[in-house]
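Please read the notes below alongside the sequence and the coordinates.

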Amino acid sequence: MSEQKLAVNEYLKTDSDYLRGTIKEGLDTQVTGSFSDGDQQLIKFHGFYQQDDRDLRNERKEQKLEPLYSFMLRARVPGGICSPEQWLDVDKISSTLTTSNSIRLTTRQTFQYHGIPKRNLKTLIQGLDRAALDSIAACGDVNRNVMCNPNPIESKLHQQAYAVAKELSDHLLPHTHAYAEIWLDKEKLLDTETHEPVYGKTYLPRKFKMAVAVPPDNDVDVYTNDLGFVAIAEAGELVGFNLVAGGGMGSTHGEVETFPRLADDFGFIKTEDVIKFAEAVMTVQRDWGNRVNRKRSRLKYTIVDHGVAEFKAEVEKRTGVNFEPRRDAVIGDRGDRYGWVKGLDNNWHLTLFIESGRIKDEPGQMLQTGLREIAKIHKGDFRMTSNQNMIIAGVAEQDKAAIEDLARKHGFFGKVISQTRGHSIACVSLPTCPLAMAEAERYFPEFIDHIDALQAKHGISDQAIVVRMTGCPNGCARPFAAEIGLVGKAPGRYNLYLGASFEGTRLNKMYKENIQEAEILAELDRIFGLYVLERDAGETFGNFTVRHGIVKAVNDAAVDFHG
Ligand code: SRM
Ligand code: SF4
């Protein structure tokens, strides 16, 4: 049988001299604002993407100008924690080296800059480096930013879980010197296969994502990750984790061999074995994952294709440790707790709602200035959440009033946040995302206004419903794990998905395809009406839509999601 041709990216990685390619030369080329096609793939491993302003694309084409290229950079901030000093640097970089006049908190607890001209890239990365931040492996076929519950309240357990997330992130970083050489002008060193022991020359077949959850919170949406660790504590001390593997959201409209999936429960492992297991799951994926078709190359497909039992057995073989039976763990709310809460250490923590994570200054809502002013006096830390919000954590009693004043003065408390808005997220989408088919971030606030009005009409404003919108089926706001999921199909048109559980333990299923706002709202109006009349006591909206037969439950994604 003839060998199948590998995906183009595989040859790019092999020939790249450990992710160098011709990025350095491309950076010095003044004639274009872009990189070569190959380097555009490689720069992702260094944390950024080439983009162009899609609002201006046609106009520039008509004027026979090249697209208005700029770059998006995603930082790597495990667990989303940074110091006020770091935030001041992050803020300054945004104002001086980007054209977007904003900082964007992401669904994986980090931040992105949009609108970086090519000429500013190096200065920007050097600025991050001075702030002890970087963007290595924030993107690309590697282990990405590791998420961790940022709840500062149960501080001891959180700290133990965070230490594990940080260790995972550090241990699984690529070792290549390419980043230091290209961006930080460090000396050229020879990279070899022995120097990149986990990844090798061809890294992973595809991106790889990990999260650490601390029950009962499931803010990190642990089951949507390639690999998840659910913390298990005894007498308040971390003893180990339930390991879950094989989650992911991305799919392609109309291609049934692609589908979102939630991770399987593999069993309990001890804290001291975490790194061993993470490395084993990742290297099985490295060796078994599909390197021919990138649409089928995530871990979830490797697990489906080989079966959970075979995959698990290989992981046990590589670690030399067997999984213990899964321990009981409550998988609860995925939202953030807004406003002030007092921690066990008597410090206060303020969670600020930031709509779609966009930090910028607008009349009445001077969010970027507000966070800057807070950073100037804050003595604790900043914690980005996977719901795109910001926690001002570790505020002493005597500093609380000053922080609150600044937050109020800069418009953070300007709007009443309904239960549903507080539980809902949207992806970036237009105008920067090249894959967007419909609006998300720019339209979402208005869409939630409509949902709020419908909930008020039916007298269910107190009911939190997880609503998520993305501009395409890649799933960056995890829409297939939402009780109401809207996934862009074309300008102004979305597929409507219903039936996920509130906690993120069951996926949703398509209810209506390719519909516009009026039809979406009419459908939800009708279903909210049924919900009010026929729900069981305490029944969540997602569970109701399944029990009532509005959509079928998705138990086995490979079979049920499209079936
Ligand atoms: Fe994502 C690609 C934005 C979280 C699945 N994602 C993209 C790109 C880079 C578009 C591209 O490839 O050119 C988007 C850049 C838009 C822009 O202009 O900023 C993009 N993804 C985002 C962010 C910023 C959305 C947000 O609103 O916060 C999130 C950044 C996370 C981070 O900090 O690391 C983001 N992306 C996710 C998530 C959610 C998660 O990881 O919890 C998913 C679904 C989970 C998963 O990975 O399965 C996700 N993004 C994708 C995919 C589909 C992957 C797949 O398996 O098919 C793509 C497309 C691709 O990789 O080919 C993609
Ligand atoms: Fe872009 Fe699609 Fe991700 Fe939204 S879901 S940011 S449109 S890739």
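What follows is a briefing on domains, cavities, a pocket, selected loop residues and backbone geometry. The model is a predicted one, and its protein chain is divided into domain 1 (142–334), domain 2 (339–416) and domain 3 (420–560).

**Domain 2 and domain 3**

- The C-alpha centres of domain 2 and domain 3 are 28 Å apart, and the contact between the two domains involves eight residues of domain 2 and nine residues of domain 3.
- Both of these domains, domain 2 (339–416) and domain 3 (420–560), contribute residues to the lining of the largest cavity, so this cavity lies between them.
- The second largest pocket also lies between domain 2 (339–416) and domain 3 (420–560), because both give residues to its lining.

**Cavities**

- There are four cavities of 30 Å³ or more, and the largest cavity holds about 80 Å³ of space.
- The lining of the largest cavity consists of 15 residues, and those nearest its centre are Phe353, Ser356, Arg421, Ser424 and Ile425.
- Helix H14 (419–422), strand E18 (425–426) and helix H15 (444–457) each provide at least two residues of that lining, which by class comprises seven nonpolar, six polar and two charged residues.
- The second largest cavity has a volume of about 50 Å³, and its lining is made up of Leu19, Phe45, His46, Ile136, Pro174, Thr176, Ala178 and Tyr179.
- By class, the lining of the second largest cavity has six nonpolar and two polar residues, with no charged residues.

**The second largest pocket**

- The volume of the second largest pocket is about 1100 Å³, and of its 45 lining residues Ser100, Ser102, His114, Arg358 and Thr432 lie nearest its centre.
- Two or more lining residues of the second largest pocket come from each of strand E1 (48–52), strand E2 (69–74), strand E5 (111–116) and helix H6 (121–130).
- The lining of the second largest pocket is divided by class into 15 nonpolar, 16 polar and 14 charged residues.

**Buried loop residues**

- His423 is found in the loop between H14 and E18, and it counts as buried because its relative accessibility is 9%, where buried means under 20%.
- The side chain of His423 comes to 2.9 Å from the backbone oxygen of Gln419, and, leaving aside residues up to four places away in sequence, His423 touches Asp333, Gly335, Ala464, Ile465, Val466, Val467 and Phe502.
- Asn387 sits in the loop between strand E16 (381–384) and strand E17 (390–395), and with a relative accessible area of 5% it is buried.
- A polar atom of the Asn387 side chain lies 2.8 Å from the backbone oxygen of Arg334, and, with residues up to four places away in sequence not counted, Asn387 touches Asp219, Arg334, Gly335, Asp336 and Ile425.
- Ile425, which Asn387 touches, is also among the residues nearest the centre of the largest cavity.
- Gly380 lies in the loop between helix H12 (367–377) and E16, and at 18% relative accessibility Gly380 counts as buried.
- Although Gly380 and Trp348 are 32 residues apart in sequence, their C-alpha atoms are 9.7 Å apart in space; the residues that Gly380 touches, not counting those up to four places away in sequence, are Pro84, Ala393 and Gly394.

**Backbone geometry**

- Most residues other than glycine have a negative phi, and most peptide bonds are trans.
- Pro215 and Pro216 are joined by a cis peptide bond with omega about 5 degrees, and Pro216 is in the loop between strand E7 (210–213) and strand E8 (227–234).
- A cis peptide bond with omega about 10 degrees joins Leu430 and Pro431, and Pro431 is in the loop between E18 and H15.
- Ser429 is in the loop between E18 and H15, has a positive phi near 55 degrees and is buried, with a relative accessible area of 2%.
- Asn514, a residue of strand E22 (residues 509–515), has a positive phi near 55 degrees, and at 27% relative accessibility Asn514 counts as partly exposed.

Key
Residues numbered from 1 in each chain as written. Chains lettered and ligands numbered in written order. Predicted model: local features only at pLDDT ≥ 70, side-chain atom pairs only at ≥ 80, totals over all residues. Heavy atoms only, no water. 1 Å grid on protein atoms, 1.4 Å probe; cavity = no way out; pocket = protein on both sides within 12 Å on 5 of 7 lines; lining within 4 Å. Points joined across faces, edges and corners; volume = space filled by probe spheres on them. Helix = DSSP H or I, 4+ residues; strand = E, 2+ residues; numbered from the N terminus. Nonpolar A, V, L, I, M, F, W, Y, C, P; charged D, E, K, R; others polar. Domains from an automatic or database assignment. Buried < 20%, exposed > 50% of the residue type's maximum accessible area, 1.4 Å probe, protein only. Polar contact = N/O pair within 3.5 Å; in protein donor to acceptor, adjacent residues only side chain to side chain. Contact = heavy atoms within 4.5 Å.
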